Amino acid sequence: KQWYQRRVTETWLTVGQIYAIMGDYRHAELSFLHCLEVTTTELLATEGKQDPLVIELACKSYEGLGKVYLSMNNPKNAISMYTHAIEFAKKVLSENDPHIAVLLSDLATVYESVGRYDYALKYVELAISRCEASDPGLLLPIMCNRASIIMFSGHLKEAKELYTQLLGLCKERGDLETLREVQYNLKLLAAKEEEVASWEASE
């Protein structure tokens, strides 16, 4: 019975992810909320060792909801969701669990989207510190997020230096996904540099 319940919950999570990809955010929200209700209720009622699969499902549901709210242009709900997710994760996970670093980085992205670069940098720095202690494998994409926050805050020179450093690290460690993101962001940065140069020339 327990195995069957896990599979049903996994299905709800997958359905939510599919709805989100399709842009049907309302149904994605409902699917993630259902998955969250089931998993968090079980985790909070369980004493002793927690089922790692249930923890993973809960964290992915929180993450999915946060991204859905951001896509729905509802950063207030996204911030609230990620804040609750981090608090919940600290209760049921070990202090250095990598899930917490991912959630902190996601929260930083939300703050960056609304121009609160001070908060964005605060949370992405916390995420980097946790990664260094728990899962260095997550470090490069979160460092890329930090560089993006710095870029969008207008500090193009500093961001370019960070992206250049990341290019070498991604190639060295074979992180092709983050490498592609860095290369794409460098193109965005180059476009921003051209805009600044054009504006300065017109003055």
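The model is predicted. The chain holds nine helices and zero strands. Of its 203 residues, 40% are buried.

**Overall build**

- Read along the sequence, the pattern is α-α-α-α-α-α-α-α-α.
- The C-alpha trace spans about 70 × 35 × 30 Å along its principal axes.
- Among contacts with a separation of 6 or more, 54% join residues 24 or more positions apart.

**Packing of helix 3 and helix 5**

- Two packed helices are described by the angle between their axes and the distance between the axes.
- Here, the axes of helix 3 and helix 5 (residues 98–113) come within 11 Å and cross at roughly 5°.
- Helix 3 is therefore roughly parallel to helix 5, because angles under 35 degrees count as roughly parallel.
- On the helix 3 side, the contact is made by Glu56, Cys59, Glu63, Lys67 and Leu70.
- On the helix 5 side, the contact is made by His99, Val102, Leu103, Asp106, Val110 and Ser113.

**Salt bridges**

- The structure holds seven salt bridges. One of them joins the side chains of Glu10 and Arg7, at 2.5 Å from N to O.
- Glu10 and Arg7 sit three residues apart in helix 1, so about one helical turn separates them.
- Glu10 is partly exposed at 25% relative accessibility. Arg7 is also partly exposed, at 35%.
- Lys67 forms a salt bridge with Glu63, and their closest N and O atoms are 3.2 Å apart.
- Both Lys67 and Glu63 lie in helix 3 (residues 52–71), four residues apart, which is about one turn of the helix.
- Lys67 has a relative accessible area of 44% and is partly exposed.
- The side chains of Lys160 and Glu193 meet in a salt bridge at 3.7 Å, N to O.
- Lys160 lies in helix 8 (residues 156–173) and Glu193 in helix 9 (residues 176–202), so this pair ties together parts that are 33 residues apart in sequence.
- Lys160 is partly exposed, with a relative accessible area of 38%. Glu193 is partly exposed too, with 27%.

- Tyr4, Val8 and Trp12 form a nonpolar patch on the surface. Together they have about 290 Å² of accessible area.
- Val8 lies in helix 1. Val8 is partly exposed, at 30% relative accessible area.
- Ile18 also belongs to helix 1, which covers residues 2–22.
- Ile18 is partly exposed, with a relative accessible area of 45%.
- Ile18 and Leu93 are 75 residues apart along the chain, and 27 Å separates their C-alpha atoms.

**Asn73: a positive phi in a loop**

- Asn73 is found in the loop between helix 3 and helix 4 (75–92).
- Phi of Asn73 is near 60°, a positive value in a residue other than glycine.
- Asn73 counts as exposed because its relative accessibility is 68%, and the cut-off for exposed is over 50%.

**Arg130: a buried arginine**

- Arg130 lies in helix 6 (residues 117–134).
- Arg130 counts as buried because its relative accessibility is 14%, and the cut-off for buried is under 20%.
- Leaving aside neighbours within four places in sequence, the contacts of Arg130 include Lys90, Glu95 and Asn96.
- Arg130 is also in contact with Ile100, Ala101, Leu104 and Asp135.

How values were computed:
Residues are numbered from 1 along each chain as its sequence is written. This is a predicted model: local features need pLDDT of at least 70, side-chain atom pairs count only at pLDDT 80 or more; totals for chains, interfaces and linings use all residues. Side-chain values use heavy atoms; hydrogens and water are left out. Helices (H or I, at least four residues) and strands (E, at least two) are DSSP runs, numbered from the N terminus. Buried means under 20% relative accessible area, exposed over 50%, partly exposed in between (1.4 Å probe, protein chains only). A salt bridge is a side-chain nitrogen of Lys or Arg within 4 Å of a carboxyl oxygen of Asp or Glu. Patches are made of residues with over 30% relative accessible area and no salt bridge: like charges are joined within 9 Å, nonpolar side chains (Val, Leu, Ile, Met, Phe, Trp, Tyr) within 5 Å. Accessible areas come from the Shrake-Rupley method with a 1.4 Å probe; for residues, only the protein chains shown count as cover. Axes are lines fitted to C-alpha atoms, for helices over the stretch in contact, and angles run from 0 to 180 degrees between N-to-C directions. Angles under 35 degrees count as roughly parallel, over 145 as roughly antiparallel, 65 to 115 as roughly perpendicular and the rest as oblique. Contact means heavy atoms within 4.5 Å.
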